[in-house]
Amino acid sequence: MNDIVRRVDHCRVCDADDWIEVISFGSHPLANGFQPPADSYEETAYPLDVIVCRRCRLMSIRHVIDPEVLFGHYVYLTSDSAQITGHMRHVAEVAAERSGMAPGDLVVELGSNIGTQLGIFQEAGMRAVGVDPARNLAEVANRNGVPTFATFFGAEVALRIEEEHGRAKFVLGRQCFAHIDDVQGVLDGVNAVIAPDGVLAIEVPYLLDLLDDNQFDTIFHEHLSYYSLSTLTTLFARKGLRVIDVERAPVHGGSIIVFATPESSPHGVRPSVAELRALETTRGIGTDAPYLAFAERTERAIGRIRSTVRELVGEGKRVAGYGAPSKGCALLQFCGLTAADIDFCTDTTVRKQGTVTPGTHIPVLSPADARRDPPDYYLLLAWNYAEEILAKESEFLRAGGGFIVPIPLPAVVTAETVNDAAA
Ligand code: TMP
Ligand code: ZN
């Protein structure tokens, strides 16, 4: 195998090497690897196999791609959707409430992207420092007035931040922690910069939501880990951090924000922690059953999505993709839906427009171009924004168009059924 791929033998949370093999999706090109249109494509495919640690129940993928390849120049920009912007404001509010921070206090964010979240803290009078390995994104953040180190977060940069800015009352990692292989090193970095009474908040897509909603398309090479609260608690405890609160958030298909603090800090534990731990126990996440059931449902979902699209195409309908998120590219790859089935994908991200989707080679068009010649059906690849998108596309629906919502199982939404679907 190519030397940019590492096979995971020992669990990144608990070091055990006893894995359940849950599902294999085969080998696929990177889900964010949009290509300029060409006559033929040379894309490297990497294996995508899902495993679960028998000891701490970490769900992981078996093969890790060199993070410099994935993130050194990162093309994913923090979404400017209304939902995400509202969520970031909410995170800033709960951060202040949980940590008791005041204007002038330091906030450190890992995976800070272009600094959108930190900008909100700055507006509230906090000092903010970001860390992001993507040099292109850190440059934008710095230009926008959010001081950002272009490197991987760990003890080295954390010590530098501590020297230059002091200790942080709040350390945040939103939707980046699941991308990290060396989680222990990252938590060493957190410990090097967090104040003795500081609060760490880690936001990750939630394992129970993934399992409940068949979110198999969120499994791709960038997403190394799929966390429960229980597994994160095990990990944090190894590094002297105790969990004090957890909140479920509707973003990215269902996420949890887990709040932790150094062991000796005065913060008390909220009931939310025991409540969610109890739910996880009830759902049997410490046993093999829910993972194996997920694998079975995933195979069924993949087959049904493929047949729903192909039946419509067989009836002479035009089907296009709505959005070209990484997970949508993964979904198309897993379902084997290519330019032979899907006319185009429409996406608001300018750098994706004019390219083709990785592996499946479907042209990506701007919303304006899509509107000029709309399809009969849109496969809603950006399903995590369903409510926002169905509202925005009311005209398309009124004109007789339909949406195929792929998750948890494919369902067709039309003008008649849209209100049920959005509810
Ligand atoms: P994300 O789920 O990773 O934020 O990606 C969402 C993708 O969907 C991103 O490429 C932008 C695209 N998108 C649209 O094209 N139209 C929309 O209305 C929304 C909300 C997203
Ligand atoms: Zn483990």
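Rings of Phe, Tyr and Trp (its six-membered ring) count as a pair if their centres lie within 6.5 Å. The views below are taken from a predicted model.

**View 1. Aromatic pair F121–F170 in the predicted model.** The structure holds 12 aromatic pairs. In one of them, F121 and F170 have ring centres 5.9 Å apart and planes at 45°, so the pair is classed as tilted. F121 belongs to helix α3 (residues 116–123) and F170 to strand β9 (residues 168–174), so this contact ties together parts that are 49 residues apart in sequence. Buried means under 20% relative accessible area. F121 is therefore buried, at 2% relative accessibility. F170 is buried as well, at 1% relative accessibility.

**View 2. Aromatic cluster.** Five residues are shown: Y322, F344, Y378, F396 and F403. Ring pairs link these residues into a cluster.

**View 3. Zinc ion (ligand 2) and its protein donors.** The SG atoms of C11, C14, C53 and C56 are the protein donors, lying 2.3 Å from the zinc ion. Along the chain, the donors follow the spacing C-x2-C-x38-C-x2-C. C11 lies in the loop between β1 (5–7) and β2 (19–28), whereas C53 is in strand β3 (residues 46–53), so the pair ties together parts that are 42 residues apart in sequence. C11 is buried, with a relative accessible area of 1%. For C53, also buried, the relative accessible area is 0%.

**View 4. Open sheet of six strands.** The strand order is β16-β15-β14-β17-β18-β19, and the pairing is mixed. β16 (364–365) and β19 (411–413) stand at the edges with a single partner strand each, so one side of each has no neighbour in the sheet. Strand β18 (residues 402–405) pairs with β19 in the antiparallel sense, over three bridges. Within this part of the sheet, I404 stands opposite V412 in β19.

**View 5. Charged side chains over aromatic rings.** R98 lies over the face of F259, at 5.1 Å from the ring centre. K327 lies over the face of W383, at 5.3 Å from the ring centre.

Terms used: Residues are numbered from 1 along each chain as its sequence is written. Chains are lettered from A and ligands numbered from 1 in the order in which they are written. This is a predicted model: local features need pLDDT of at least 70, side-chain atom pairs count only at pLDDT 80 or more; totals for chains, interfaces and linings use all residues. Side-chain values use heavy atoms; hydrogens and water are left out. Two strands pair if DSSP finds at least two bridges between them. Helices (H or I, at least four residues) and strands (E, at least two) are DSSP runs, numbered from the N terminus. Donors are N, O and S atoms within 2.8 Å of the metal (3.2 Å for Na, K and Ca); water is not among the atoms, so sites may look incomplete. Buried means under 20% relative accessible area, exposed over 50%, partly exposed in between (1.4 Å probe, protein chains only). Rings of Phe, Tyr and Trp (its six-membered ring) pair if their centres lie within 6.5 Å; planes under 30 degrees apart count as stacked, over 60 as edge-to-face and the rest as tilted. A charge sits over a ring if NZ of Lys or CZ of Arg is within 6 Å of the ring centre and within 35 degrees of the ring normal.
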